[in-house]
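Okay, thanks everyone for coming.

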Amino acid sequence: MQILILLLQIAMVMAIVLLHVAYLTYFERKIIGHMQVRMGPMRVGWHGLLQPIADGIKSFFKEDIIPQQADKPLFLAAPIICLVTMLAALAVLPFAEGWVLADINIGLLFIFAMSSLASYGIILAGWASNSKYTFLGGMRSMAQVISYEIPMGLSLVGVMMLSGSLNLSEIVAAQGTSIFSIYLFPQIIGFFVFFIAMLAETNRVPFDLPEAETELVSGYITEYSGMRYAMFFMAEYIGMMILASIGTVCFLGGWNGPFVIPFFPPFWFILKVYGFLFVFIWIRATLPRYRYDQLMAIGWKLLIPLALLNIFLTGLFKALVH
Amino acid sequence: MTKTTTLDVQVADGADDKYRLKMGPQHPATHGVLRVDLELDGETIDKCDPQVGYLHRGFEKLAEHRTYAQNIVLTDRLDYIAAMANNVGYCVAVEKLLAIDVPPRAQFIRVMVCEMARISSHLLWLATHALDIGAMTVFLYCFREREVLLELFAELCGSRLTNTYTRLGGVRQDVTHSIMLKLQRFVDEFPDHIAEYETLIDTNRIWLKRTIGIGPISADKAVDLCLTGPSLRGSGVDYDIRQHVPYAAYDQMDFEVPVGETGDTYARYRCRMEEFRQSNNILRQCIERMPPGPILGKDAPDLIMPAKPGRKIEFDAVAGNALIKLIDNRDLYMEGDVYVATEVPKGELGFYFISDGMGRPYRMHIRSPSFLHIGALATIGQGVMIADLIAIIGTLDVVLGECDR
């Protein structure tokens, strides 16, 4: 019985998150559209509201092309690896107090592990397609993942030190309910590093090198079409949501807000996540793209030293206070 | 039958340890159908070998079978971003060959449409160059202004892109008051828009990192590589045909030629941004000083049907078309050869004619800036990274329609 309830919960979370992903694409297209003096989707439904559904149906019924030269099993597995790992990471996210599927003690580590595995899917996709652009895309992705997982992990060490836990719910609880006690203020350096690494980790502008359209056509997804392409797309957007959630949980106080919303406790959490996502989209509309070696330089020469400095300062602070 | 699948990207041993990538002709950032054969070492380009010809339509050969007047439509399809400038360039050359006079009003209109074409071409360049580097929003901002110009072209001659606006000896349609008013409004507003583009990208750290010091060309090298236009002026060579060998009414215009110093992608970018302002100035002068009078010379070959009274229309049996027939008593079938170059937005567009007196070019050669700029890519693109190559292709401002002809 308990398993049934759990399965039901999992299905609910997945359905809700996938719906959000669908409308996140709408959200993104509308916002970028208005920033670029145009309307965005307008045709399907009122103000294009049904556009994501139309897109979903379209990609579902599109022909699934597998290149002859591709390594078929890996080619088929890559998008599944991406999507499944990203969905698995959803399990430990606390949407509100007690609203979490698996309240495990290593929540943060689990999410890191899952998002690293998703990059594995990207690399496999680049390699298995056996095409030149995808190969370059996969290569870039590999380098990018290695250089940005490290600062990302390091940037959250400060949070772990302050809260004394890896459990996401406990991290939120440790920040208290006041706006002044959230970790954004004591961990401002960590937040800065985390934010940049987050953009790189989700392959967003200005670090969208693995799929740099004007350089590598579409990078690692060049050879994918139809539903498999859509799976990568969904994985990318779920990835954005998960990292935005991590940012919310670790730095912005999670589900706590200025006042409690009755009947719908995750309200503040969702609002903060969408705040993050808006900034993602805003950045995409504003910034050009870094070059590959410049990206590496930022990761290794700027972010990692800053993250280490942050750990040192946090440790010093803790030692002095206690 | 089972299909074997391989996972090996071919990498040979030893000296030939190169990753070969044929970038294009259907690559999103090669501005049409340019193909660049690359030999890569990681992401660094060891050898860069541009291949052209995917858009070859044989204009130079085609022109030998058509009269001078008929060839105007071919020039639209050279640099389709700035068709007006090509029209003018072609007509200036033919008029020199056939010794046709152009009335002053037509000269001014020609300068006006040339500069409109320059702004519209540079807008498209800025849009795609920024998009290549990843700045998506500039693209749409530029198209907003370009739309105004294209609408003006449509009002002027009925066509947005392939204008065929000039005629031997003048222009086809007179500018109306409404066009002048709209152009005036555009000229007044445009400087603000230039500032807007600059705030979007010129103060952007990433933009500066991606352009400063990328693809530098020294002045000597730029001359050796036959670069012209803003690509040459970015390297610090002050050469602009509008200024040095004026045609149309450019000798009566007051404008500066912006010249860069460093010759890198950023210098060329700055050059073109300054040209926006200069072109805008020229447009303003055109509006203020547009002289009255006819728009077609008296002895211009008659192309507008019906013909003026008293003018004989001969039916050309070879071409089988009355539209193209020339004039009354004067013999325009001159012999000789002529090379005339004009400054189009991309650089120096030259037309070389050999005429044997048959009313058609015996040979027409087009010196197109894009062709030579693509040739320069092999030298400039060596040793840079893929992302830089994209920036360099963008900054050289090539159009394949003009390159392949």
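Let's start with one pair: R20(B) has E39(B), in strand 2 of chain B, as its bridge partner. Before I go on, the housekeeping: this is a predicted model, where local features need pLDDT of at least 70 and side-chain atom pairs count only at pLDDT 80 or more, while totals for chains, interfaces and linings use all residues. Residues are numbered from 1 along each chain as its sequence is written, chains are lettered from A and ligands numbered from 1 in the order in which they are written, and side-chain values use heavy atoms, with hydrogens and water left out.

Back to that pair. Strand 1 and strand 2 (residues 35-41) of chain B are antiparallel, with five bridges between them. For the terms: two strands pair if DSSP finds at least two bridges between them, and helices (H or I, at least four residues) and strands (E, at least two) are DSSP runs, numbered from the N terminus.

So which order do the strands of this open sheet have? It's 1-2-3 in chain B, three strands with antiparallel pairing. Strand 1 (19-23) and strand 3 (44-51) of chain B are at the edges with a single partner strand each, so each has one side without a neighbour in the sheet. The twist from one strand to the next averages 20°; axes here are lines fitted to C-alpha atoms, for helices over the stretch in contact, and angles run from 0 to 180 degrees between N-to-C directions.

What lies across this sheet? Helix 13 (residues 386-396) of chain B lies across strand 1, strand 2 and strand 3 of chain B, at about 155° to strand 2 of chain B. Then there's a helix from the other chain: helix 5 of chain A lies across strand 1 and strand 2 of chain B, at about 115° to strand 1 of chain B. Contact, by the way, means heavy atoms within 4.5 Å.

That takes us to the interface. The contact takes 36 residues from chain A and 39 residues from chain B. About 3,400 Å² is buried between chain A and chain B, with carbon and sulfur atoms giving 59% of that; buried area is the accessible area (1.4 Å probe) that two parts lose on being put together, summed over both.

How many salt bridges are there between chain A and chain B? Two, counting a side-chain nitrogen of Lys or Arg within 4 Å of a carboxyl oxygen of Asp or Glu. E43(B) makes a salt bridge with R140(A), and their closest N and O atoms are 2.5 Å apart.

Now the other sheet. An open sheet of three strands in chain B has the order 6-7-8, again with antiparallel pairing. Strand 6 (335-344) and strand 8 (361-367) of chain B are its edges, each with a single partner strand, so one side of each has no neighbour in the sheet. Neighbouring strands here are turned by 10° against each other on average, direction ignored.

Ten bridges hold the antiparallel pair of strand 6 and strand 7 of chain B, and a hairpin joins these two strands through two residues. G336(B) has S355(B), in strand 7 of chain B, as its bridge partner.
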